[in-house]
Amino acid sequence: MTTAFDPIVLGGKRLANRIAMAPMTRSRAYGPGAEPTELTATYYAQRAGAGLIVTEGIQPSRVGQGYPATPGLHTPGQVRAWRTVTDAVHREGGAIFAQLMHTGRIGHPSLLPEGLVPVAPSAVPAKGSVYTEQGPKEFVTPKELTETEIRQTVADFADAARNAIEAGFDGVEIHGANGYLIHQFLAPNTNLRTDAWGAGTEGRIRFAVEVVTAVAEAIGGHRVGLRISPGNVYNDIAEDDPAEVYAALLDRLAGLELAYLHLMEGPDRSLTARLRGDWPGTFVLNPFTYPDATGPDALKLVEDGTADMVAYGALFLANPDLPARLAVGGPFNSADKSTFYGGDHRGYTDYPTLTTA
């Protein structure tokens, strides 16, 4: 029987175990350079016992930033700064993928250089507000991307992936979940386009397919993961029947031989089983555990074949040596629920707040 403590080969690299650290926004890239700091290197090195670390969301372009003090991978300075992080993790024997996250309509002009505004597939504002350095501000109506801008955004993802490899990352995870730009193209309430980037299932999956394909061509599919969250209502997304769209997406991506698919699970375990069956490669699961953080019971999901790897979020914040503690059954520091984004998002609780803690 395979367990979560058995090694696995991912992207040509042998991982020590099947426990992944889920991506969690930390907002520690202070200053106009949006560069990680020594604290970032310490934070990830402390958690190098994970089979795989997936970083906080990293914007692939300036307009892709949606929160204050989040890091980028689109300047030479950012590449150099991330190298200190990857070197620190590798010294501790860990593996680390950079999560590339374009927030799309989730953001605010005050977070961007003058003249830039958040962008999206369609000019549909999200309900709610975003935290800024001046406090919470309501989401604005985003600029609808033109065909030329869409293609530039695809290129931005590929360029950021190349930068990630130059910075020493073992690979990248493309963030196609949680109501950010790729998810906005997938969802019917945020993608109202009638052209080839929105009409029907094929139109809605096109942006995701082209981004993943471009990144795979840039750095090799074996270094690329994709995160999805079918049916996740976070950031004002509505997908009443996501099965058809995501089945089509996985079918189009299956031939790229990606490193993994990372599912942010909803309450429907049957959909998880279907996607697991549809995906020919490594399947990483961040399981639905609402109202609690993912706990030791999730290790059974590897043993029973539900997933090849299991991802932990909040519990990794409270327990930097989490795999070692899981191996002996604890003890575990409690995950402070004040570090979760508030609200009932159908169980998606592994979202830390924008904090310097």
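**Barrel, helices and ring pairs**

Biologist: Which strands does helix α5 lie across, and at what angle to β10?

Modeller: Helix α5 (residues 200–219) lies across β10 (171–175) and β11 (224–228), and runs at about 170 degrees to β10. Such angles run from 0 to 180 degrees between N-to-C directions of lines fitted to C-alpha atoms, for helices over the stretch in contact, where contact means heavy atoms within 4.5 Å. Helices (H or I, at least four residues) and strands (E, at least two) are DSSP runs, numbered from the N terminus.

Biologist: What kind of model is it, and how are residues numbered?

Modeller: This is a predicted model, in which local features need pLDDT of at least 70 and side-chain atom pairs count only at pLDDT 80 or more, while totals for chains, interfaces and linings use all residues. Residues are numbered from 1 along each chain as its sequence is written, and side-chain values use heavy atoms, with hydrogens and water left out.

Biologist: In what order do the barrel strands go?

Modeller: The barrel is closed by 8 strands in the order β3-β4-β5-β10-β11-β12-β13-β14, with parallel pairing, and the twist from one strand to the next averages 25 degrees. Two strands pair if DSSP finds at least two bridges between them.

Biologist: How many bridges join β13 to β14?

Modeller: Strand β13 (residues 283–286) and strand β14 (residues 309–312) run parallel and are joined by 2 bridges, with L285 standing opposite V310 in β14.

Biologist: Now α7: which residues are buried there?

Modeller: In helix α7 (residues 269–278) they are L271, T272 and L275, buried meaning under 20% relative accessible area with a 1.4 Å probe and protein chains only. Seen down the axis of α7, its buried residues fall within an arc of 105 degrees, so they line one face of the helix; the arc is that of the directions from the helix axis to the C-beta atoms. Their cover includes β11, α6 (243–253), β12 (260–264) and β13.

Biologist: How many aromatic pairs are there in the whole structure?

Modeller: A search finds 5 aromatic pairs, counting rings of Phe, Tyr and Trp (its six-membered ring) with centres within 6.5 Å, where planes under 30 degrees apart are stacked, over 60 edge-to-face and the rest tilted. The rings of W82 and F169 have centres 5.4 Å apart and planes at 55 degrees, so that pair is tilted.

Biologist: Where do W82 and F169 lie?

Modeller: W82 is in helix α2 (residues 76–91) and F169 in the loop between α3 (147–166) and β10, so the pair ties together parts 87 residues apart in sequence. Both W82 and F169 are buried.

Note on methods: Buried means under 20% relative accessible area, exposed over 50%, partly exposed in between (1.4 Å probe, protein chains only).
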